[in-house]
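Colleague: Please take a close look at one helix of this model and at what follows it along the chain.

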Amino acid sequence: MIPFSKEFTGQCKKEDQKAQKALFEKLYAPMYRVCFRYIGRQAEAEDCLMKAFMKIFQKLENFEWQGEQSLFFWIRKIMVNEALMELRRNNLLLLVQSENLPEEAEETNAIDQLSAEELFSLITKLPDGYRTVFNLYVVEGYSHQEIAQMLSISESTSKSQLLKARTRLKAMVEKMNNVYGSYAG
């Protein structure tokens, strides 16, 4: 999280090009990672990032500063929403309705031992639907009810996609361990 002062935020809102350029440069890398985490493909993630920044600069006058982190979180939310819209536009968000599945997957120590970079790499290899629900639930902290509303799916579908994502991640980690030997961290 990158803190921004009220004065800096005000300069950006007043369309100060130097301040807006600094905002873009500070947030390019972390927001690209947000887009890539959802989209999973470099070119599409870059397009998504640029579309989101255009929206941000168009709507910045409506932003209300509520503390040093508020601008960062406001921008990240726009990035997530733009990534979801991109998945929908390209018909990549295919979620299969599933009922009567356990709510939570078994926790695995192998996944817990992965570095953030290794986990990020594995997440980007998940199918779009699994990756989207996993990101919204685990990374962004949305509830299954909120995810269901955002994606126009049932809560049970959200839960099943999360379970499938965790199961797939566990299988990928086990495959890594078989290929590279016991994971040492």
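Modeller: The model is predicted. The part to examine is helix α8, residues 144-151, where His144, Ile147, Ala148 and Leu151 are buried. These four residues lie on the same side of α8, because they cover an arc of only 100° around the axis. An α-helix has 3.6 residues a turn, so residues three or four places apart point the same way.

After α8 comes Ser152, and the phi of Ser152 is positive, near 55°. Helix α9 spans residues 155-180, and Ser158 has its place there. Ser158 has a relative accessible area of 0%, so it counts as buried, the cut-off being under 20%.

Ser158 also leads back to α8. Leaving aside residues up to four places away in sequence, Ser158 touches Val133, His144, Ile147 and Ile153. Among these, His144 and Ile147 are buried residues of α8. Val133 is 25 residues from Ser158 in sequence, yet their C-alpha atoms are 6.4 Å apart in space.

As for the setting, the protein has 9 helices and 0 strands, in the order α-α-α-α-α-α-α-α-α along the sequence. Of its 185 residues, 44% are buried. Among contacts with a separation of 6 or more, 74% join residues 24 or more positions apart. The protein exposes about 10400 Å², and 50% of that area is supplied by carbon and sulfur atoms.

Definitions and conventions
Residues are numbered from 1 along each chain as its sequence is written. This is a predicted model: local features need pLDDT of at least 70, side-chain atom pairs count only at pLDDT 80 or more; totals for chains, interfaces and linings use all residues. Side-chain values use heavy atoms; hydrogens and water are left out. Helices (H or I, at least four residues) and strands (E, at least two) are DSSP runs, numbered from the N terminus. Buried means under 20% relative accessible area, exposed over 50%, partly exposed in between (1.4 Å probe, protein chains only). Contact means heavy atoms within 4.5 Å. Accessible areas come from the Shrake-Rupley method with a 1.4 Å probe; for residues, only the protein chains shown count as cover. The arc is that of the directions from the helix axis to the C-beta atoms.
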